[in-house]
Amino acid sequence: FLWQPVFFGLGCLLYFNLPREPLVWAFPAAGAICPLLAWRISSARHVRASLILIALVAFGASAAQWRTARVDTTMLSRSMITDLQGTVTNAEHRADGRVRYTIRVSPEDSGIRNRAARDFDGLMRVTARKGGPQISVGERIAGKVKVDAPSGPAYPGGYSFAFQSWFNGIGASGFFLGKPRRGDRVEITGVAFWIASLRANMSALIRQALPGRNGGVAAALIVGDRSGIDEETAEALRRSGLAHILAISGLHMALVAATVISGLRMLLALFPAVVLAYPVRKWASGGGLFAATFYLILSSANVSTQRAYIMVAIMLIAVIFDRRALTMRNVAIAAFAVLVLTPEAILMPGFQMSFAA
């Protein structure tokens, strides 16, 4: 069982390293044929095991191929200067006063239609200089921008912003040439808008209560917004070997769940009749699971957070159902879940530090 996500991940790696796009049916067909052959071969266990592992590789490649086709992000083809308007879906306030907006643009909103990208419809990430209006999530924004397609790797095998942007749905990035203008506020619809607005509001409240670098670090730890950390603080954390603390992962998830579970158990312990008659340990575990789920949503759910949440959730569900939770199996289940949902994570540092390390 522990080797299954390893071979599934190898399939994801195989797809992303192919020189050209394979036939749509090739990997699914291989994944279906190998288990049938393994079922028909009843005498040689090692042959059956090999066929099952090959099937896992094929299923991993199929998952990566399907995910790539499903995302289908519209990417800008060349640099351009244009008038732009759209709806803000996220706003990251930098320590130096700049704001990086993620803007949803429709073909009717942008000046890009029938130019570099026909009928551009998707997300752009555009940075505004210090001193402009503070435009919130859900509001309309407009202004003259210089945008380009996300850049590829600086050297062969290096980190590719274009690869990550494709799977994040971001087709262009750039900056405002002047101060952006605020448009009419639109009604926020959808869960994603609501979560982004909640994160932005909480980050703003944290920085208001804790001005300066303390607020930037607190916002990073609570809502996963690291945009407010100045370069001096970031460099100090890197040199001291503590930069990984800013990435919400097992430590943070365990602290949240353990705090809620301990608090609920102490609270229920004040009522002896309840403690003696009901399974308060299971109730507290359920409360911890709810708190961990809310924290996952609030912290933007990156790969390390997903891994930590899945492992914590498995252990708490095991407590609720009076079962044992084995650590290495939790790691394997978490790796499988992350790769099935986001096969591209296999190439990301967060996944490699969470699982491969």
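Q: What is the mean pLDDT of the protein?
A: The model is predicted, and its mean pLDDT is 85. Of the residues, 94% reach 70 or more.

Q: Where is confidence lowest, and where is it highest?
A: Strand 6, residues 181–185, has the lowest confidence, with a mean of 76. Helix 1 has the highest, at 94.

Q: And over which residues does pLDDT stay under 50?
A: Residues 113–118. The model has 16 contacts for that stretch beyond four places in sequence. Where pLDDT is low, the predicted coordinates should not be read in detail.

Q: Switching to Arg67. Which helix is it in?
A: Arg67 belongs to helix 3, which covers residues 45–71.

Q: Is Arg67 buried or exposed, at 12% relative accessibility?
A: Buried, because its relative accessibility is 12% and the cut-off for buried is under 20%.

Q: What is Arg67 in contact with, leaving aside neighbours within four places in sequence?
A: Phe167, Leu341, Thr342, Pro343 and Glu344.

Q: Val71 is in helix 3 too. What is Val71 in contact with, on the same terms?
A: Trp166 and Phe167. Phe167 is also among the contacts of Arg67.

Q: How many residues apart along the chain are Val71 and Trp166?
A: They are 95 residues apart, and their C-alpha atoms are separated by 7.5 Å.

Q: What about Ala273: buried or exposed?
A: Exposed, because Ala273 has a relative accessibility of 61% and the cut-off for exposed is over 50%. Ala273 sits in helix 9, residues 272–277.

Q: What separates the C-alpha atoms of Ala273 and Pro211?
A: A distance of 46 Å, with the two residues 62 places apart along the chain.

Q: On to helix 13. Which residues are buried there?
A: Phe351, Ser354 and Phe355. These three are on the same side of helix 13, because they cover an arc of only 80° around the axis. An α-helix has 3.6 residues a turn, so residues three or four places apart point the same way.

Q: Which residues are exposed on the other side of helix 13?
A: Met353 and Ala356.

Q: What covers the buried residues of helix 13?
A: The cover includes helix 11, residues 303–320, and helix 12.

Q: Now the second largest pocket. What is its volume?
A: About 350 Å³. Its lining consists of 16 residues.

Q: Which of them lie nearest the centre of that pocket?
A: Pro5, Val6, Ala335, Phe355 and Ala356. Phe355 is one of the buried residues of helix 13, and Ala356 is exposed on the other side of that helix.

Q: Which helices each supply at least two residues of the lining?
A: Helix 1 (4–16), helix 12 (327–341) and helix 13 (349–356).

Q: Which residues line the largest cavity?
A: Gly97, Val99, Tyr101 and Pro180 are in the lining, along with Ala128, Arg129, Lys130, Gly131, Gly132, Pro133 and Gln134.

Q: How do those divide by class?
A: Five are nonpolar, four polar and two charged.

Terms used. Residues numbered from 1 in each chain as written. Predicted model: local features only at pLDDT ≥ 70, side-chain atom pairs only at ≥ 80, totals over all residues. Heavy atoms only, no water. Helix = DSSP H or I, 4+ residues; strand = E, 2+ residues; numbered from the N terminus. Buried < 20%, exposed > 50% of the residue type's maximum accessible area, 1.4 Å probe, protein only. Contact = heavy atoms within 4.5 Å. 1 Å grid on protein atoms, 1.4 Å probe; cavity = no way out; pocket = protein on both sides within 12 Å on 5 of 7 lines; lining within 4 Å. Points joined across faces, edges and corners; volume = space filled by probe spheres on them. pLDDT = per-residue confidence, 0-100. Arc of directions from axis to C-beta. Nonpolar A, V, L, I, M, F, W, Y, C, P; charged D, E, K, R; others polar.
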